Each structure stands twice: as structure tokens, then as C-alpha cells.
Amino acid sequence: MNEHEFHVQGLAVSALAEEFGTPLFVYDTDVVGAAYRRLREGLRPAVDIMYSLKANPNISVCAYLRSLGAGAEVSSEAELVTALRAGVAPCDIIFLGPGKTRRELRACIRAGIRAVVCESLGELRLLDSLAAEAGDAGRVPVMLRINPGFSAPGSGLAMGGKPRQFGIDTDTVRRSRDELSALRHVRITGIHAYVGTRFLRHEHVVHNTRGILDEAARLAADLALPLETVDFGGGVGVAYFDNEKDPDVQELVSGVNEAVDDFSRNHPGCRFIMEAGRWLTAAAGTYVVRALDVKESMGESFVVADGGTHHHMAAVGVGSFVRRNFPIRVLNRLGQPTTARYTVTGPLCTPNDVLGKRVELPVVRPGDLLGVACSGAYGPTASPGRFLSHGYPAEVLVHQGRAHLVRRRDTVEDLLSPQRLVEL
């Protein structure tokens, strides 16, 4: 084994690039499994972990997490079908999102999932009418997504505590007791809240969990609602940039467990959901690109690679006030001294196609393999993969020392076949 080359479960990155081509995403199930177990082995058994498919909806990634015991949190019909085909039991699936269509709601009813997370009273009424049309003898289980009044410190992306398209304001829920009681074809089973994402300090996750559980307890009392489930979100972050650290998971699960224990004293038998996406998959992924050209322009050195932000939009730093680089390495020459600075770009005809700005690297030559680390979450499906008709890259899952192609790269025919040529 070449100790100066990046390996995944013993497989050399050069061999993966030769077999599957570049650019490609490589996912390591050992890393996914370790991240899942760090949560699962610490949390109380009453806390179910739901994998958020939005982070990485690859069906094989979902199936692997299902094999470990994770449920699925989905937000589209395609994600619902992905979870089902990956083997997730309907009773382990929840469906949320602020703009569900009738088609999606009907799909949830047919599948018999654990709960539809309703985000407005209008959506709740619509689901009630669709359930009536379906003629199911039972009631469709529903969780109410609330928009709590407290703020979430430390979030990379706040999703509650202020005017948002997500959820129902708690005051509105309180005023709606009669309307909720009048529903005949849905059954409210619990409360859901998700107040932010990419929390890097464990105390923020614990603070949010306690706040959501307290709000759920007050609403249950006000509405005479028997709580079967409370979903307190999660949003556990991953350190991407310099001077960041992953949250202390031991302290995180200890604090969450304490909050759950306190809540359970007054609500025995209630189950809980923690959603996790980025935490489970981000560190497991590497975006591998090949250097096509190395050049200088007005004193600045550039590496032009065969992949760019059309596959990895997160690397642009969307949502950040200051541009920061994801970790980037020369994968075929690890350990060499960083003697140069390069701006690493892709093949797109836009100055925004920058994977890394002035990155300290060893001397880069055409043909070298570069890797963007922490790329297992919000990669291809959160990026404009068909910009300039380049298409989506290959995705490879390495499991038990074997590499599996879990998504082939787009071909020209893939890009053109949905189009229709009009005779003009």
C-alpha cells in the first residue's frame, strides 16, 4: 500500500478513479457506521434516529443506515419511494415539508407511514379530506410541526423562532383546539419542531431539545393531547472549516438523555425522534476530481479540475458572509509539504466555479487527484448538476473493502432524452 496515497477501506483512490472515472463522490460506510453508533449507543432507547434523506438521498446510503437501525425523514415523493425501496418500514418513516402536494399526501396515506408532519392548519384540513376520500377505516397519523417562540443560538441556518414558512406558530395551535378536535380522518399523535441546523456546540442542541420538549408539554396540556411522539429535530453539525470542532457527542447525548428523562416522568410511554443527516454522512464522503490544467493569471496560481461547483455547490459557501474553504488535499501525494497556494476551480464558464480559494497544497501537476473532504452531505443533489450540460457525477460506496457503483454518471443521452425536438 502506498502510504502517500488516500485509501478508503484499503482501496487506493487512484484505482477508484481508474475504474469509475472522475469526477466522483466516494462514500465510506465505516465512517457512516461510526457516526451512527456514536449517537445510537449513547441515546436512550426511546429516542428513534431518523435519517434525513435530504442530506444524501442515494438509495444505497439509505439502505445501509436502515440496516443499522435508522428510520427515514423524507420531504418528497421520490424520497419516500427511495426509503421504501431501501427497505425502511413505513412505520419508521415521517414526511415533512412546507409545500406538500395532493399527490404526495395521497402517497403517504397509501404507504401507511408513521406520521405526516403537517405544517399548517390548511394542510391539516386537506389531509383530513384526502383521508376521507381514501376511505381508510383508520385515521391517518399526524404530527403538528410547530414554530416555537424561542430562538436557537449557534445555528448555521435558523428554521424557527421567527417568521418562517415552516410549521404553525404555537399561539395559533393553542387557538385551534376546537378545529383540531373536529378532524375525523386524521389522528394527531405528536409534536414536531426543527429550529436550526449545523449546531457545533453540544449545549445548543441540548438547549433546543429542552425548549421543544417544554413547548410540547405545554401544548399537550392546553389541547388535552396525548403525546405518542415528540420530534425535537437535531441539527447536529460537522466541522468543515479551520478553527471549527465537531460537537462533543458524549456531552450532547448526556444532555439530551437528561431532557428526555425529565419529560418522560410526566409522559410515560412517549417516544422521541432525533433527525440526523449531515452528521451521519458528511465526513464519510470525498469529492474526487482530477487536475486538468495548472496555470497562472496575474500572479495567482490556478488548478482547473474536471469537477466543480455544479456537483458541490456547498463548497461555494452559500449562506456564509465570508468565503471559507472545505478541506482539500492532493490525494495521490499525501504528506508532502504545502509549498504553494492554488485557487481550485472547475470546468464551468463562470467565475463562481471555485472549489477552494488560495488553498495551501503541495505543488500540483496535471493528472493529480484532488479531494474535497466532508462531502458526503449536500453534494450532487444540492447542486446545479446539469449546468452547462455537464451532468451528475458517479457515486461510489465502499463497503467491507469493496467498491460499489451506486450511481452511474450522467451520459449525453441522459441529458437529452427528456427533451423533445419540435419541427419548426
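In strand S19, Gly-356 is the bridge partner of Val-344, and that pairing is a handy way into this predicted model. Local features here need pLDDT of at least 70 and side-chain atom pairs count only at pLDDT 80 or more, while totals for chains, interfaces and linings use all residues. Residues are numbered from 1 along each chain as its sequence is written, and side-chain values use heavy atoms, with hydrogens and water left out. Helices (H or I, at least four residues) and strands (E, at least two) are DSSP runs, numbered from the N terminus.

**Strands around S18**

- S18 (residues 340-345) is joined to S19 (residues 354-361) by five bridges, and the two run antiparallel; strands pair if DSSP finds at least two bridges between them.
- Strand S16 (residues 300-305) is linked to S18 by three bridges, this time in parallel.
- Val-344 in S18 stands opposite Val-303.
- How much of S18 is buried? Five of its six residues are, so the strand is largely enclosed by the rest of the structure. Buried means under 20% relative accessible area, exposed over 50%, and partly exposed in between (1.4 Å probe, protein chains only).

**Helices H5 and H6**

- The axes of H5 (residues 102-111) and H6 (residues 121-134) come within 10 Å and cross at roughly 55°. Axes are lines fitted to C-alpha atoms, for helices over the stretch in contact, with angles from 0 to 180 degrees between N-to-C directions.
- That makes H5 and H6 oblique to each other: under 35 degrees counts as roughly parallel, over 145 as roughly antiparallel, 65 to 115 as roughly perpendicular, and the rest as oblique.
- On the H5 side, Arg-102, Leu-105, Arg-106 and Ile-109 meet H6 residues Leu-126, Leu-127, Leu-130, Ala-131, Glu-133 and Ala-134, contact being heavy atoms within 4.5 Å.
- By class, this contact has seven nonpolar, no polar and three charged residues. Ala, Val, Leu, Ile, Met, Phe, Trp, Tyr, Cys and Pro count as nonpolar, Asp, Glu, Lys and Arg as charged, and the others, Gly among them, as polar.

- Most residues other than glycine have a negative phi, and most peptide bonds are trans.
- Thr-22 and Pro-23 are joined by a cis peptide bond, with omega about -5°; Pro-23 sits in the loop between helix H1 (13-20) and strand S3 (24-28).
- Ala-224 has a positive phi of about 55°, lies in the loop between helix H9 (202-223) and strand S13 (229-234), and is exposed at 53% relative accessible area.
- Met-298 has a positive phi near 50°, falls in the loop between strand S15 (285-297) and S16, and counts as exposed at 89% relative accessibility.
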